[in-house]
Amino acid sequence: MTKIQPNLNEALIVIDIQNDFCQGGALEVPGADQIIDKSNKLINRFDQVILTQDWHPYDHISFATQHEGRKPFDIIELDYGKQTLWPDHCIQGSHGAKFHSKLNTKAAKLIIRKGYNKNIDSYSAFFENDKCTSTGLKGYLNEKKIDKVYFIGLALDVCVKDSAMDSITSGIQTYILEDLCKGLSKQTSTQALEIMNKSEINIIDSSKFI
Ligand code: VGL
Ligand code: ZN
(Lines give C-alpha, C1' and ligand atoms only; values in the text may rest on other atoms or scores of the structure.)
(Ligands and ions follow the chains in the order given, each with its own letter.)
Protein backbone atom coordinates (compact mmCIF):
# COMPACT_ATOMS: atom_id res chain seq x y z
CA MET A 1 0.00 0.00 0.00
CA THR A 2 1.39 3.42 -0.89
CA LYS A 3 1.89 5.69 2.07
CA ILE A 4 1.01 9.35 2.15
CA GLN A 5 3.76 11.94 2.48
CA PRO A 6 2.64 14.80 4.76
CA ASN A 7 2.57 18.23 3.12
CA LEU A 8 4.40 21.27 4.45
CA ASN A 9 1.15 22.74 5.77
CA GLU A 10 0.68 19.76 8.07
CA ALA A 11 2.15 19.30 11.55
CA LEU A 12 2.53 16.33 13.85
CA ILE A 13 1.86 17.28 17.47
CA VAL A 14 3.21 14.79 20.00
CA ILE A 15 1.54 15.19 23.38
CA ASP A 16 3.41 14.60 26.67
CA ILE A 17 5.50 11.47 26.01
CA GLN A 18 7.30 12.02 29.31
CA ASN A 19 8.64 9.61 31.93
CA ASP A 20 5.89 10.31 34.45
CA PHE A 21 3.24 9.17 31.96
CA CYS A 22 5.23 6.10 30.90
CA GLN A 23 5.94 2.79 32.60
CA GLY A 24 6.89 3.26 36.26
CA GLY A 25 5.99 6.98 36.20
CA ALA A 26 3.99 8.91 38.78
CA LEU A 27 0.90 9.09 36.55
CA GLU A 28 1.44 6.04 34.40
CA VAL A 29 -0.74 5.64 31.31
CA PRO A 30 -1.22 1.91 30.62
CA GLY A 31 0.62 0.82 27.47
CA ALA A 32 2.32 4.18 26.96
CA ASP A 33 5.71 2.66 26.13
CA GLN A 34 4.19 0.60 23.30
CA ILE A 35 3.56 3.66 21.11
CA ILE A 36 7.10 5.02 21.14
CA ASP A 37 8.76 3.05 18.30
CA LYS A 38 5.97 3.78 15.83
CA SER A 39 5.77 7.39 17.01
CA ASN A 40 9.44 7.79 16.07
CA LYS A 41 8.76 6.39 12.60
CA LEU A 42 5.97 8.91 12.16
CA ILE A 43 8.12 11.76 13.48
CA ASN A 44 10.65 10.95 10.75
CA ARG A 45 8.01 11.46 8.05
CA PHE A 46 6.92 14.95 9.10
CA ASP A 47 8.69 18.22 8.42
CA GLN A 48 6.87 20.07 11.21
CA VAL A 49 7.09 18.16 14.49
CA ILE A 50 5.87 19.85 17.65
CA LEU A 51 6.20 18.32 21.11
CA THR A 52 4.35 19.28 24.27
CA GLN A 53 5.76 18.87 27.75
CA ASP A 54 3.72 18.99 30.96
CA TRP A 55 5.86 21.24 33.20
CA HIS A 56 4.55 21.90 36.70
CA PRO A 57 5.99 23.77 39.69
CA TYR A 58 6.37 21.45 42.73
CA ASP A 59 3.35 23.10 44.40
CA HIS A 60 1.01 23.05 41.43
CA ILE A 61 -2.71 23.44 42.12
CA SER A 62 -3.54 20.17 40.32
CA PHE A 63 -1.57 18.08 42.82
CA ALA A 64 -3.66 16.32 45.49
CA THR A 65 -0.79 16.91 47.94
CA GLN A 66 -1.63 20.65 47.85
CA HIS A 67 -5.19 20.14 49.13
CA GLU A 68 -5.67 18.93 52.65
CA GLY A 69 -7.74 15.79 53.00
CA ARG A 70 -7.80 15.20 49.24
CA LYS A 71 -6.44 12.29 47.28
CA PRO A 72 -5.45 11.76 43.65
CA PHE A 73 -8.39 11.54 41.21
CA ASP A 74 -10.73 13.50 43.51
CA ILE A 75 -12.49 16.31 41.66
CA ILE A 76 -12.64 19.79 43.20
CA GLU A 77 -14.09 23.14 42.16
CA LEU A 78 -11.64 25.96 41.30
CA ASP A 79 -12.20 29.51 39.92
CA TYR A 80 -12.09 28.19 36.36
CA GLY A 81 -14.29 25.13 36.97
CA LYS A 82 -13.81 21.47 37.86
CA GLN A 83 -10.29 20.20 38.45
CA THR A 84 -9.25 16.57 38.80
CA LEU A 85 -6.48 16.18 41.36
CA TRP A 86 -3.43 14.19 40.28
CA PRO A 87 -0.45 12.59 41.95
CA ASP A 88 2.57 14.94 41.85
CA HIS A 89 3.91 14.60 38.28
CA CYS A 90 6.10 16.30 35.67
CA ILE A 91 7.74 18.63 38.16
CA GLN A 92 9.95 21.16 36.36
CA GLY A 93 13.48 19.82 35.94
CA SER A 94 12.73 16.37 37.38
CA HIS A 95 13.40 13.01 35.73
CA GLY A 96 9.64 12.46 35.48
CA ALA A 97 9.23 15.62 33.41
CA LYS A 98 11.86 14.56 30.84
CA PHE A 99 10.77 13.08 27.53
CA HIS A 100 11.02 9.29 27.40
CA SER A 101 14.64 8.50 26.53
CA LYS A 102 13.60 6.52 23.42
CA LEU A 103 11.50 9.34 21.94
CA ASN A 104 13.13 11.07 18.98
CA THR A 105 13.06 14.64 20.23
CA LYS A 106 15.77 15.85 17.85
CA ALA A 107 13.35 16.37 14.99
CA ALA A 108 11.12 18.71 16.99
CA LYS A 109 11.00 22.30 15.74
CA LEU A 110 8.96 23.54 18.68
CA ILE A 111 8.45 22.35 22.24
CA ILE A 112 5.46 23.81 24.05
CA ARG A 113 5.63 23.66 27.83
CA LYS A 114 2.35 23.86 29.70
CA GLY A 115 1.07 23.79 33.26
CA TYR A 116 3.81 26.08 34.59
CA ASN A 117 1.35 28.56 36.13
CA LYS A 118 0.87 27.40 39.72
CA ASN A 119 -2.82 28.29 39.87
CA ILE A 120 -4.08 26.95 36.54
CA ASP A 121 -3.80 23.48 35.06
CA SER A 122 -3.19 23.18 31.35
CA TYR A 123 -4.22 20.07 29.45
CA SER A 124 -4.47 21.51 25.97
CA ALA A 125 -1.50 22.43 23.79
CA PHE A 126 -3.42 25.62 22.84
CA PHE A 127 -5.04 27.05 25.99
CA GLU A 128 -4.71 26.64 29.72
CA ASN A 129 -7.74 25.22 31.51
CA ASP A 130 -9.24 28.69 32.02
CA LYS A 131 -9.69 28.46 28.20
CA CYS A 132 -8.35 31.99 27.66
CA THR A 133 -4.62 31.94 28.50
CA SER A 134 -2.89 30.99 25.25
CA THR A 135 0.28 28.87 24.99
CA GLY A 136 1.28 30.58 21.74
CA LEU A 137 0.82 27.47 19.60
CA LYS A 138 -1.92 28.97 17.42
CA GLY A 139 0.35 31.92 16.60
CA TYR A 140 3.15 29.56 15.57
CA LEU A 141 0.85 27.51 13.34
CA ASN A 142 -0.52 30.67 11.70
CA GLU A 143 2.96 32.02 11.10
CA LYS A 144 4.06 28.73 9.52
CA LYS A 145 0.81 28.49 7.51
CA ILE A 146 -0.05 25.13 9.07
CA ASP A 147 -3.78 24.42 8.85
CA LYS A 148 -3.85 20.66 9.38
CA VAL A 149 -2.55 18.83 12.45
CA TYR A 150 -2.23 15.22 13.57
CA PHE A 151 -2.13 14.33 17.26
CA ILE A 152 -0.46 11.39 18.94
CA GLY A 153 0.60 10.80 22.55
CA LEU A 154 -0.63 10.78 26.15
CA ALA A 155 -3.15 10.79 27.63
CA LEU A 156 -5.88 10.26 25.03
CA ASP A 157 -8.65 11.04 27.55
CA VAL A 158 -7.01 14.18 28.98
CA CYS A 159 -4.38 16.20 27.13
CA VAL A 160 -4.79 14.69 23.65
CA LYS A 161 -8.57 15.18 23.79
CA ASP A 162 -8.40 18.78 25.06
CA SER A 163 -5.72 19.67 22.50
CA ALA A 164 -7.73 18.22 19.63
CA MET A 165 -10.92 19.96 20.79
CA ASP A 166 -9.17 23.35 20.96
CA SER A 167 -7.56 22.65 17.59
CA ILE A 168 -10.87 22.02 15.84
CA THR A 169 -12.53 25.04 17.46
CA SER A 170 -9.55 27.14 16.30
CA GLY A 171 -10.47 26.25 12.71
CA ILE A 172 -7.62 23.79 12.09
CA GLN A 173 -8.26 20.49 10.29
CA THR A 174 -7.69 18.01 13.08
CA TYR A 175 -6.75 14.32 13.06
CA ILE A 176 -6.15 11.82 15.85
CA LEU A 177 -3.97 8.81 15.13
CA GLU A 178 -5.79 6.52 17.50
CA ASP A 179 -3.26 3.68 17.51
CA LEU A 180 -0.55 6.06 18.69
CA CYS A 181 -2.50 7.41 21.66
CA LYS A 182 -3.06 5.78 25.05
CA GLY A 183 -5.56 6.82 27.71
CA LEU A 184 -5.61 6.75 31.50
CA SER A 185 -8.79 4.64 31.56
CA LYS A 186 -10.79 2.65 29.04
CA GLN A 187 -14.09 4.27 29.94
CA THR A 188 -12.90 7.87 29.66
CA SER A 189 -10.97 7.04 26.48
CA THR A 190 -14.13 5.68 24.84
CA GLN A 191 -15.99 8.81 25.95
CA ALA A 192 -13.21 11.03 24.60
CA LEU A 193 -13.30 9.30 21.21
CA GLU A 194 -17.09 9.72 21.08
CA ILE A 195 -16.87 13.43 21.88
CA MET A 196 -14.12 13.96 19.30
CA ASN A 197 -16.04 11.95 16.71
CA LYS A 198 -19.08 14.20 17.20
CA SER A 199 -16.92 17.25 16.55
CA GLU A 200 -15.27 17.44 13.17
CA ILE A 201 -12.17 15.60 14.37
CA ASN A 202 -11.02 12.79 12.10
CA ILE A 203 -10.03 9.62 13.92
CA ILE A 204 -7.65 7.57 11.80
CA ASP A 205 -4.61 5.37 12.36
CA SER A 206 -0.93 5.60 11.51
CA SER A 207 -1.05 3.10 8.64
CA LYS A 208 -1.87 6.05 6.35
CA PHE A 209 1.73 7.22 6.84
CA ILE A 210 3.89 4.31 8.02
C1 VGL B 1 -2.03 14.93 31.69
C2 VGL B 1 -3.14 14.68 33.68
C3 VGL B 1 -2.43 15.69 34.24
C4 VGL B 1 -1.84 14.48 30.29
C5 VGL B 1 -1.31 15.97 32.25
O6 VGL B 1 -0.75 14.70 29.72
O7 VGL B 1 -2.77 13.89 29.72
N8 VGL B 1 -2.95 14.30 32.42
N9 VGL B 1 -1.51 16.33 33.52
ZN1 ZN C 1 -0.16 17.65 34.48
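User: Is Lys114 buried or exposed?

Analyst: This is a predicted model, and Lys114 belongs to strand 5, which spans residues 110–114. A residue counts as buried when its relative accessible area is under 20%. The relative accessible area of Lys114 is 1%. Lys114 is therefore buried.

User: Which residue's backbone oxygen does the side chain of Lys114 reach?

Analyst: Away from its own stretch of sequence, Lys114 touches several residues, including Asp16, Asp54, Tyr123 and Cys159. Ser122 is also one of the residues touched by Lys114. At 3.3 Å from the side chain of Lys114 lies a backbone oxygen, and that oxygen belongs to Ser122.

User: Where does ligand 1 sit?

Analyst: Around ligand 1 are Asp16, Phe21, Leu27, Asp54, Trp86, His89, Leu154, Ala155, Val158 and Cys159. Among them, Asp16, Asp54 and Cys159 are also touched by Lys114. The place that holds ligand 1 is the largest cavity.

User: How much of the accessible area that ligand 1 has on its own does the protein cover?

Analyst: Polar backbone atoms approach oxygen of ligand 1: one of Leu154 at 3.5 Å, one of Ala155 at 3.0 Å and one of Cys159 at 3.2 Å. On its own, ligand 1 has 260 Å² of accessible area.

Conventions
Residues numbered from 1 in each chain as written. Chains lettered and ligands numbered in written order. Predicted model: local features only at pLDDT ≥ 70, side-chain atom pairs only at ≥ 80, totals over all residues. Heavy atoms only, no water. Helix = DSSP H or I, 4+ residues; strand = E, 2+ residues; numbered from the N terminus. Buried < 20%, exposed > 50% of the residue type's maximum accessible area, 1.4 Å probe, protein only. Polar contact = N/O pair within 3.5 Å; in protein donor to acceptor, adjacent residues only side chain to side chain. Contact = heavy atoms within 4.5 Å. Near = heavy atom within 4 Å. Areas by Shrake-Rupley, 256 points an atom, 1.4 Å probe, with all protein chains shown as cover. 1 Å grid on protein atoms, 1.4 Å probe; cavity = no way out; pocket = protein on both sides within 12 Å on 5 of 7 lines; lining within 4 Å. Sits in = over half its atoms within 2 Å of the grid points. Lists of a residue's contacts leave out its neighbours within four places in sequence.
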